[in-house]
Amino acid sequence: GGGAGGEKARSPEHSPAKPGEDVVVAFNVGGQIFMTTASTVKNRGKGSLIYRLLAGGERAAAHDSAGRVFIDRDPALFE
């Protein structure tokens with residue numbers, strides 16, 4: 001984990017990255033911030049929960065005050 005400052009989570013399909021660059025996405029799991037790259041999320045496949053949450057395809061996802069997708073689960077499950 002690690003802090004993401006005030007950055008908002010970005011959709012893995014609608015990122016402002018230039019060609020050849022990757023975008024860091026952040027999400028909040030039980031109060032702990034996790035960060036990864038959009039390409040890692042994409043590589044997990046469109047069927048993964050994280051992909052669907054970050055892409056906005058999953059039912060109305062909750063967001064924290066910084067705009068990151070919030071997942072109400074034990075962060076230890078994501079380590």
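First, the ground rules. This is a predicted model, where local features need pLDDT of at least 70, side-chain atom pairs count only at pLDDT 80 or more, and totals for chains, interfaces and linings use all residues. Residues are numbered from 1 along each chain as its sequence is written, and side-chain values use heavy atoms, with hydrogens and water left out.

How many aromatic pairs does the structure hold? It holds 3. Rings of Phe, Tyr and Trp (its six-membered ring) pair if their centres lie within 6.5 Å; planes under 30 degrees apart are stacked, over 60 edge-to-face, and the rest tilted. Take F27 and F34. Their ring centres are 6.1 Å apart and their planes meet at 20°, so this pair is stacked.

Next, F34 and F78. This pair is tilted, with 6.0 Å between centres and 45° between planes. F34 lies in strand β2 (residues 32-37) and F78 in the segment after β3 (69-71), so the pair ties together parts 44 residues apart in sequence. Strands here are DSSP runs (E, at least two residues), numbered from the N terminus.

F27, F34 and F78 form one aromatic cluster. F34, at 8%, is buried. The cut-offs: buried is under 20% relative accessible area, exposed over 50%, partly exposed in between (1.4 Å probe, protein chains only).

Finally, contacts, meaning heavy atoms within 4.5 Å. Beyond its neighbours within four places in sequence, F78 touches F27, V29, F34, I50, I71 and R73.

Key:
Helix = DSSP H or I, 4+ residues; strand = E, 2+ residues; numbered from the N terminus.
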